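Student: Hi! Could we go through this model together, starting with the ligands?
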Amino acid sequence: MESIALKPDCFKKFENAGERFQLDMAELEGSGRKVAGVYCLFAPSEIVRAAGAVPVSLCGKKEKPIAEAERTLPPNLCPLIKSSYGFAVSDTCPYFVGSDFLIGETTCDGKKKMYEFMGRLKPLHLMHLPYTTSEQHALDFWYREILRLGKFVEEATGWTIDKDHLRFQIRIHNQIRKLARRIARFQAADRVLVSGSVMMTVMETKSCFVHPEAYVELLQEFISELEAMDAAGYSAFEPGAPRILLTGCPVGNGSDKVLRMIEQCGGAVVCLENCSGIKGLELLVDEDEEDPYLAIARRYLQTPCSCMTPNNGRLALLDDLIGEYRIDGVVDLTWQCCHTYNIEARLVGESVENRHGLPFLHVETDYSGSDVEQLRTRIEAFLEIAGWNASARTAAPQRPRNAV
Ligand code: SF4
Ligand code: SF4
């Protein structure tokens, strides 16, 4: 078996997704198509695209613009919120500059209050979220918010949303979710084909493409690459590397220090549960529902985010992923001052340790590099314990890939 951190050729297309997006948008110039800047998994791309606009995920994962944000926002705020606002107010996120309008959601207190300032920079539509997923009145409220979003994008784009086109968008977005889930599932096999960093880069592009059909083809190309790597016997990690699940706040290029640190210390991040990873991929919009807006409302309300209470969907998802990926240890990342993920970490820890008998590490940090040595010490100690599980697992018969 060859042990190699291979980057498939088509991986470059994922790394260059940002430049591709800008080139594709430049080609659309003069066509009247608008760009909608979005920040969160609760923003329904299907509705945006059905109104002829292109949704793009805006930058918020780097430390650099935070100082600019702190001229307006208090410093004791989550770095994701400050980075998002800093990029916007300093005109350093090209997607923000190119956005015609923004879609925000009242997910957490910091974000919804930050939007009051961001709304001074560009037209901003704020979707109001209920705080629970299971009550009928929550769905009724959210359904009306979905309709209100539809009206807003129609006005902002000058297009009328055709229900058949909306159904087409639902189908293609479901297809993208299924393909992305299939890609993520490759990492569940005994022989892990790519690092967690590579997988994160691939998954991040889910919200940065102009042409959905071309993106579907790119995902299919990547699946073919993974199949070829598998047939050639590649492995990104040594056989005994502990298999780690990373959950918690969103991470991405620039805010991936914990992910990188785990892998530098010898862990294999085989599963990213957070928003830039698997969260939401199992949730499909019902293609047969007569009212596509209602189908969209139902699906998006089930997003297992800590802003919901209770957030049982996250614990259930973690239960499934721990089994599917044969996890040896779970790391839960909380960005400093994120109260909802911070409090929920206790519930996740109880479940991981008591129900699954696995080691659990809760990390609370920010985007700076000031704590990397302290982090390294904690992660090394954690991986040593997770490594005992890995040794026991590798001593057992290996699972063939087609059994995943
Ligand atoms: S963690 Fe929640 S609030 Fe943050 S991006 Fe994901 S869904 Fe949105
Ligand atoms: S990480 Fe937490 S505090 Fe920050 S934007 Fe997301 S939910 Fe809000």
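Student: How do the residues of the shell around ligand 2 divide into nonpolar, polar and charged?
Tutor: That shell has nine nonpolar, three polar and one charged. Here Ala, Val, Leu, Ile, Met, Phe, Trp, Tyr, Cys and Pro count as nonpolar, Asp, Glu, Lys and Arg as charged, and the others, Gly among them, as polar. Bear in mind that the model is predicted: local features need pLDDT of at least 70, side-chain atom pairs count only at pLDDT 80 or more, and totals for chains, interfaces and linings use all residues. Residues are numbered from 1 along each chain as its sequence is written, with chains lettered from A and ligands numbered from 1 in the order in which they are written.
Student: Which residues come nearest to ligand 2?
Tutor: Of the 13 around it, Cys-78, Leu-80, Cys-108, Cys-249 and Cys-338 do (a residue is near if its C-beta atom, placed from the backbone, lies within 6 Å).
Student: And why does ligand 1 lie between the domains?
Tutor: Domain 1 (20-153) and domain 2 (166-396) both give residues to its shell, so ligand 1 lies between them. The bounds come from an automatic or database domain assignment. Cys-40, Cys-275, Cys-305 and Cys-307 are among the residues around ligand 1.
Student: Switching topic, what order do the strands of the open sheet take?
Tutor: The order is E3-E2-E4-E5, with parallel pairing. Strands are DSSP runs (E, at least two residues), numbered from the N terminus, and two pair if DSSP finds at least two bridges between them.
Student: Which are the edge strands?
Tutor: E3 (54-57) and E5 (124-127), each pairing on one side only. E3 and E2 (35-38) share four bridges, and Val-56 in E3 is the bridge partner of Gly-37.
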